[in-house]
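Hello,

Here is the structure I promised to pass on, with the sequence alongside. Please have it open while you read my notes below.

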Amino acid sequence: MEKLIVHGGCRLRGSVKIGGSKNASLPILAASLLTPDTVKIRHVPDVSDTNYMLQILNSLGASVERSSGTVRIDSMDGISASASYDQVRKMRASICLLGPLMARLHRCTLPLPGGCVIGDRPVDLHIRAMQALGAQVRNSGGNLYLEAPNGLVGTTVDMRGENGPTVLGTDNLMMAAVLAKGVTVIESAAREPEVVDLANFLNKMGAKIEGAGTRRITIIGVDQLTGCDHTVIPDRIEAGTFMVAAAMMGDGVTLRCICQEHLESVSALLTECGHHLEFNNRGDVVTITPAHSPRSGKIVTAPYPGFPTDMQAQMTALFALTPGISVVKETIFPQRFMHCSELKRMGANIKVDNGAAVITGVERLSGAPVMASDLRASAALVLAALAAEGVTEIHRLYHIDRGYERIDEKLQDLGAAIKRAADSESGD
Ligand code: EPZ
């Protein structure tokens, strides 16, 4: 077990390179199962979630090679249709193996990924999608058993759930449809940039997908797909996290390898709160200067292009030190407030009720031993620790290593007094 030791009160300055998107990489890695040809995927972040996915692909029979950010996958014939519980339980996103396995093998056994601290993570929309294409689905003993003896047949599927569109559900349906007979139309599709990146990857493999990035995606099934070489988009949530760090305690921090278009809602909010963002002409570099008099703000999380749920915890850390009253309304994962109790231990004034956090800015936070609980909550604790007075120890560091590559080293390069250390604290 490891922990982070942070000496707060630092100022950040300099330039940091943002890595490839974890949430684009995971479905794209799974999609490599759709062809027996070699697939090369570049800019894959070295985080535990992508490494878990590579382990699962390997256990299914694919050969996997990683050299720094580039992954080479050969999933030749003989791919297994069953993933083990021990692997799947480590990463909820393994549900995105459903589509590729059904497209390639017309059957699969996948342990239900279960929930996580940000909320119950149902898969009813994923099941709806597979059944619509002709799969029979049985749920027993914690496993999903699917089979489509006559193969998959395209149709129109409305993927909207009561909490809006589903990102990985849209991905699964797209990946199942690319080798189905006939045409599939996805209504109420997720519009996230990571969905668009997956569609671009599939089209490079020879798929026929149109409309990714809109609410309606059309897929014309083809007989087979070939290998390809693809570079994953930048991670907009890592970028947003460093933008918030720069707004909280930067003296002119520059982020490289970003995509301005993917950050519009986060940039708009930071600007509304008085912080200054300067993008270059290509939109792949941004320099952030903190507001002289930062203003409180209001967030209502929403599916893309709305404000991302994956950024609300980080913004809560910023609001904790912003004068006035800020509000964060979480509409996608209403329980996603685990970070608030730990921030309050550092002196934040936050009231959580009925899916919303009301944050009253305080003069200062104080360092304290805190517990990471999930990926983005951990990021919020790192930001608060950097801004707090005194020393903070953040336990259960594995939560942050799931989705941030070398976050301690990147922050050290910006001048933060932060280091990783062995943790004697017992595990979960
Ligand atoms: C993706 O998860 C991301 N993960 C999440 O990021 C992100 O928070 C989420 O999308 C929302 O943007 C990856 O891409 C690997 P959903 P996903 O299906 O696809 C409900 C991070 O921190 N729902 O879009 O699993 C669900 O409960 C992670 O990087 C159903 O009701 O999320 C939620 O309320 C955390 N039935 C809403 O839809 C279903 O079958 C959106 O979930 C599926 C989802």
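Before the notes, one cut-off to keep in mind: a residue is called buried when its relative accessible area is under 20%, exposed when that area is over 50%, and partly exposed in between. Please also remember that this is a predicted model.

You will find S32 in the loop that runs between helix 1 and strand 3 (38-42). The side chain of S32 reaches back to the backbone oxygen of L29, at 2.5 Å.

Helix 1 also holds A24. Because its relative accessibility is 0%, A24 is buried as well. In sequence A24 and D235 are 211 residues apart, yet their C-alpha atoms are separated by 8.1 Å.

Now to the ligand. Which residues come nearest to the ligand? Of the 25 residues around the ligand, these are D124, L125, T166, D310 and I332. Several helices take part in this shell: helix 1 (22-31), helix 5 (124-132), helix 6 (167-177) and helix 12 (375-387) each supply at least two of its residues. By residue type, the shell divides into 12 nonpolar, five polar and eight charged residues.

- R121 has a polar side-chain atom 3.1 Å from a ligand oxygen.
- N163 has a side-chain N or O atom that is 3.1 Å from a ligand oxygen.
- D310, one of the residues that come nearest, has a polar side-chain atom 2.6 Å from a ligand oxygen.

How much of the ligand does the protein cover? On its own the ligand has 820 Å² of accessible area, and the protein covers 92% of that.

A189 belongs to the loop between strand 10 (183-187) and helix 7 (193-204). Is A189 buried or exposed? Its relative accessible area is 0%, so A189 is buried.

V6 is part of strand 1 (residues 2-7), and with 0% relative accessibility V6 counts as buried. L101 is in helix 4 (residues 98-105), and L101 is buried because its relative accessible area is 1%. From C-alpha to C-alpha, L101 and S80 are 8.7 Å apart in space, and 21 residues apart in sequence.

The peptide bond that joins Y304 and P305 is cis, with an omega of about 10 degrees. P305 is in the loop between strand 17 (298-300) and helix 10 (312-320).

C257 is not a glycine, but has a positive phi of about 60 degrees. This residue, C257, is in the loop between strand 14 (250-256) and helix 9 (264-272). With a relative accessibility of 29%, C257 counts as partly exposed.

R406 is also not a glycine, and its phi is positive at about 55 degrees. The loop that holds R406 runs between helix 13 (398-401) and helix 14 (407-413). R406 has a relative accessible area of 40%, so it is partly exposed.

Last, a word on rings. The charged end of R138 sits over the ring of Y145, 4.3 Å from the ring's centre. The count of aromatic pairs comes to zero.

If you have a moment to look, I would begin with S32 and its contact to the backbone oxygen of L29, and then go on to D310 and the ligand oxygen 2.6 Å from its side chain.

Best wishes

Notes:
Residues are numbered from 1 along each chain as its sequence is written. This is a predicted model: local features need pLDDT of at least 70, side-chain atom pairs count only at pLDDT 80 or more; totals for chains, interfaces and linings use all residues. Side-chain values use heavy atoms; hydrogens and water are left out. A residue is near a molecule or strand if one of its heavy atoms lies within 4 Å of it. A polar contact is a pair of N or O atoms within 3.5 Å; within protein, one must be able to donate a hydrogen and the other to accept it, and residues adjacent in sequence count only if both atoms are side-chain atoms. Accessible areas come from the Shrake-Rupley method with a 1.4 Å probe; for residues, only the protein chains shown count as cover. Helices (H or I, at least four residues) and strands (E, at least two) are DSSP runs, numbered from the N terminus. Ala, Val, Leu, Ile, Met, Phe, Trp, Tyr, Cys and Pro count as nonpolar, Asp, Glu, Lys and Arg as charged, and the others, Gly among them, as polar. Rings of Phe, Tyr and Trp (its six-membered ring) pair if their centres lie within 6.5 Å; planes under 30 degrees apart count as stacked, over 60 as edge-to-face and the rest as tilted. A charge sits over a ring if NZ of Lys or CZ of Arg is within 6 Å of the ring centre and within 35 degrees of the ring normal. Buried means under 20% relative accessible area, exposed over 50%, partly exposed in between (1.4 Å probe, protein chains only).
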